Amino acid sequence: MSVTLKQLLSNLKEPVSLETREILRSARNKLKEEFTAGIQHIGFQYAGCGATIGVKPRCDFACRGCYLNDTANTTPALAIDDVKKQLRSLRQWLGEGGNTQITDGEVTLLPTEYLIEIICYAREIGLVPMLMTHGDSFIKSPGLLNRLILEGGLNEVSIHIDTTQRGRKQRHFKYAKFEQELTPLRNAFADIIRTARQETGQPLEAATTVTVTQDNIEQIPQIINWILNNADAFKMISFQPLAKVGRTADELVGISTTETLWRQIAKGLNIEFDTNKPVAQQLNKFGHPDCSNFMQGLIVLESGKPAIFHPVFRHDDSRAIDFLEQYGHEFGGVSFRLGSRWEKIFRSLGLFIKSPGFIIGSLIPFAWRNFARLHERGPLHLIQLILRGKARINYLNIVSHHFMSRQEIETPLGQERLDSCIFKVPINDQLVSMCEVNAMGIREQFYASIQPSQSIRLDTEKLSV
């Protein structure tokens, strides 16, 4: 799509739109004041995260921790006009550059042209679509991912890999009991991501998702060790403790607290949390602290040495918190995830014209301070290692998102979490918490409302798998 001079000048004059600023202000005002303290990204950079529903309820896996209901595989896919209506609702809530998951069942089972149209439309109206998948379609149809990138403009994908899954054709993966058994599979997907970038010449941001249960909680450090060495492929990993919803197997048991999960993550990162404070208070927040937390970091990979993770923002670093507050005031909501290269260049120039003092006096010193602490022998030595090909630096975002069961929702804390929910789905012209959709029968009601005559007519010969 060609870019007009008017669009470029708009990026130069208004690198962050007034609409986005207003949406962020509204999102922050809806949070309790106690949740805005420390490092809170809702209302600072994002208004929340949205997801579609009914796009393709069917799945060819039979995972033990599935949030879909028993009718999912017999529910028709939603008509594309209705999917687009959902996307417009999400755009109105999230603003330009809003995070939107293209999900519900296994959406890569749709005809590729249909999926491409959804991705294209989401980007066209200003959303950043992330395709959620188990990834097997990319193995069965090697050209699929490249098509989604080149024809759909897809630049974000999340691949779910863990031992709760049941459906992969290779027997040693299908019945894996230990996360380490899935290391070859994770390696294969990392190579698929790298190859897609190389073959298409386009940036592809990849994430991976892990369902956490009592069975694999002790194996989290092994997964962390793997992601540290493969963060060039996967820049985000999302841990999602099991919730008793949908068709989740009765024998699966979830973990109890955020603390339990992040202590295991810390083991993998070889870092320590302050034992005098709850772990949730030491993490970056994304809405309610009992719902979503994350930690951003830079990984130094030096030849012959283990990967070292350095958090970018620490709760006890007052300078980092002050910097974030300044950044939110000056550049909060700015996004470089949409638009052409020239639009991004003009947006960058617009930011500099708007706040040269902040960039020179705060942003650059903050970036240098982070870089300077990445190596014990100092930044100049690290630069030499990088130039000689002896070291590299990767970015990684580690996320935890805790869905609720019906029992949890019905508690006072559960109601408080719903009031602060930042992960929603459009249901009949309303945005509804994903936790309510999963646990309170709303998904079942929505599926029952989809009529075959309203849905896409699937041609099985055109399926991607």
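The residues lining the largest cavity of this predicted model divide into nine nonpolar, five polar and one charged.

**The cavity**

The count of cavities of 30 Å³ or more comes to one. The volume of the largest cavity is about 100 Å³. Its lining is made up of 15 residues, and those closest to the centre are Cys291, His401, Cys421, Ser433 and Cys435. Two helices take part with at least two lining residues each: H17, which covers 412-419, and H18, which covers 434-439.

Around it stand 23 lining residues, with Ile255, Ser256, His402, Glu408 and Arg417 nearest the centre. By class, this lining has ten nonpolar, eight polar and five charged residues.

**Strands and their partners**

Strand S10 (residues 391-401) is a handy reference point for the next part. Why is S10 described as largely enclosed by the rest of the structure? Because eight of its eleven residues are buried. Strand S8 (residues 292-302) runs antiparallel to S10, and eleven bridges join the two. One of the pairs to look for is Glu302 with its bridge partner in S10, Ala391. Strand S6 runs parallel to S10, with four bridges between them. Here Phe239 stands opposite Ser400 of S10.

Elsewhere, strand S1 (residues 49-51) pairs with strand S2 in the parallel sense, over three bridges. Gly50 has Thr100 of S2 as its bridge partner. Strand S2 spans residues 98-102, and five of its five residues are buried. Both of its faces are covered: on one side lie Gly98, Thr100 and Ile102, on the other Asn99 and Gln101, and all are buried.

Phe234 belongs to strand S6, which spans residues 234-241. Is Phe234 buried or exposed? Phe234 counts as buried because its relative accessibility is 1%, and the cut-off for buried is under 20%. Phe234 and Leu110 are 124 residues apart along the chain, and their C-alpha atoms are separated by 25 Å.

Ala176 sits in a loop, the one between helix H8 (171-174) and helix H9 (183-200). Ala176 also counts as buried, because its relative accessibility is 1%. Its contacts, not counting residues up to four places away in sequence, are Thr163, Arg166, Glu181 and Leu182. From Ala176 to Ser238 there are 62 residues in sequence and 20 Å in space, C-alpha to C-alpha.

Most residues other than glycine have a negative phi.

| Residue | Phi | Relative accessible area |
|---|---|---|
| Asn270 | about 60° | 72% |
| Asp429 | about 70° | 62% |

Where is Asn270 found? Asn270 lies in the loop between H11 and strand S7 (284-285). Asn270 is exposed, because its relative accessible area is 72%, and the cut-off for exposed is over 50%. Asp429 is in the loop between strand S11 (423-427) and strand S12 (430-433). Asp429 counts as exposed too, because its relative accessibility is 62%.

**How confident is the prediction?**

The mean pLDDT of the protein chain is 91, and 97% of its residues reach 70 or more. Over residues 457-465, by contrast, the pLDDT is below 50, and this stretch has 19 contacts in the model beyond near neighbours in sequence.

Note on methods:
Residues numbered from 1 in each chain as written. Predicted model: local features only at pLDDT ≥ 70, side-chain atom pairs only at ≥ 80, totals over all residues. Heavy atoms only, no water. pLDDT = per-residue confidence, 0-100. Contact = heavy atoms within 4.5 Å. 1 Å grid on protein atoms, 1.4 Å probe; cavity = no way out; pocket = protein on both sides within 12 Å on 5 of 7 lines; lining within 4 Å. Points joined across faces, edges and corners; volume = space filled by probe spheres on them. Nonpolar A, V, L, I, M, F, W, Y, C, P; charged D, E, K, R; others polar. Buried < 20%, exposed > 50% of the residue type's maximum accessible area, 1.4 Å probe, protein only. Pairing = 2+ DSSP bridges.
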